[in-house]
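I opened this entry to keep track of what I looked up. The notes follow the order in which I checked things.

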Amino acid sequence: MYRVDRYFFSQMIFPFFLNIIFFTLIFLITQLVDIADLVVNYGTGLSSVALLLAYTSPFFLQFTIPLAVMVTVLITFLRLSGDREILALKAGGFSSWRFLPPVLFFCLLAALITAGMTIYGLPWGKLESRKLIAELAMKHGNMILKPMVFNDMFSGVTLYAGEMDKDTGSLKDIFIEDYREKEGMGTIIAPEGQLQVDAGTGMVLIRLSDGMILRGDGNMSDVHAIAFENYDLSLNLSKEKSDILGGRPKDKEEMGFSELREYIRTLPEGSKSYNAAVIKLHEKFSLPAACFVLGIVAFSLGISSMERKRSPGLSAGLGFFLVYYAFLTMGWSFGESGVFSPEIAIWTPNLVLGLVGGWMLFRVAAEKKLIPQFIYVLKIRSGEKG
């Protein structure tokens, strides 16, 4: 690398790690209530809490790394532009394209780290956290359910309760999805129930009252409803723990790349499960690619500013990230529901921001303002009228 390239790259290293720590801590703050609940109500040791945080960190890092790349590149070039270093280099014969290689190299390294999180870190973290939660649930049975939270601790079963008494185990507003039956998915709804856990054997019994069972195929095109007065749902924590330790992850988020591809081949194409699995597969590459997209957008914003005030540039950068995340959220929703092809839905944020970033980059390289001149004229005229 040339001296200028090394200089630019070195200016991004330290802010990048600071941003990673900062944004990851923000994500972890959202877990403080759950952490306090584990420590206060269940007596979980700090070592177990620290392990849970470590296992969940790949999930946060797959989002925080692209965000940290954008903020790092933006802050670095806003400072270089504000200190007139970019202007001095341009006066010395450097073009805007000449400043791009260290940014692309930096984005490449960040993309590789993000890919490591999505391809290897996330399945490992999900599997290890599931092991640890199963061990803790053996000691504190009430941990398997939290009010108003969907719980997927058990393979093929999703549990939800609107209310729960931790002392008596009584449940209200219960919703359960059971995918374990070969003939199709079963949905169980009940207004109340009782949770019983045998810590010695690991057996979990959920006794439901006055509810209904809806059973149908994968697309729920043919549904049968059965009402019941009492219904017992049995689950086995010991078996769940042995299955996990046996290396047989069931959830798509716990599968590696090859396992996920094989899993997709077993699903009916176009079903909700198929779409969700395809999205999860492509997400392993679309999120790392976001490092390049957001990095180019940030580079264009940073190098185009010659002002010392950085707040407008930072606001614009965060605005672009919010736009990216909004498109990503819509991609998840539309892709899983089948409104759009799941592959197209999950890559649309990168495509949209990539086109915008490319347009911005070419305008900056041509020494043009990012905002077209007619917008400035409209702003001036509106200011004069005001």
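Is aspartate 232 buried, partly exposed or exposed? I found aspartate 232 partly exposed, with a relative accessible area of 36%. I use buried for under 20% relative accessible area, exposed for over 50%, and partly exposed for what lies in between (1.4 Å probe, protein chains only).

I note that this is a predicted model, in which local features need pLDDT of at least 70, side-chain atom pairs count only at pLDDT 80 or more, and totals for chains, interfaces and linings use all residues. Residues are numbered from 1 along each chain as its sequence is written, and side-chain values use heavy atoms, with hydrogens and water left out.

Salt bridges. I counted five salt bridges, each a side-chain nitrogen of Lys or Arg within 4 Å of a carboxyl oxygen of Asp or Glu. In one of them, arginine 207 pairs with aspartate 232, with the closest N and O atoms 2.9 Å apart. This pair links distant parts of the chain, arginine 207 being in strand S4 and aspartate 232 in strand S5 (residues 223-236), 25 residues apart. Helices (H or I, at least four residues) and strands (E, at least two) are DSSP runs, numbered from the N terminus. Arginine 207 is partly exposed at 37%.

I then looked up arginine 98, whose side chain meets that of aspartate 5 in a salt bridge of 2.7 Å, N to O. Arginine 98 is in the loop between helix H4 (85-91) and H5, and aspartate 5 is in helix H1 (residues 3-29), so the pair ties together parts 93 residues apart in sequence. Aspartate 5 is buried at 6%, whereas arginine 98 is partly exposed at 21%.

I also found glutamate 262 bridged to arginine 265, with the closest N and O atoms 2.7 Å apart. Both lie in helix H7, three residues apart, about one turn of the helix. Residues three or four places apart point the same way because an α-helix has 3.6 residues a turn. Arginine 265 is exposed at 56%, and glutamate 262 is partly exposed at 45%.

Helix H10. I read H10 as residues 342-365, 24 residues in number. H10 bends by about 45° at threonine 348, and proline 349 follows within four residues; the bend is the angle between axes fitted to the seven residues ending there and the seven starting there. The buried residues of H10 include Pro349, Leu353 and Arg363. Just after H10, I noted a positive phi of about 60° at glutamate 367.

Conventions
The expected span of a helix is 1.5 Å times one less than its number of residues.
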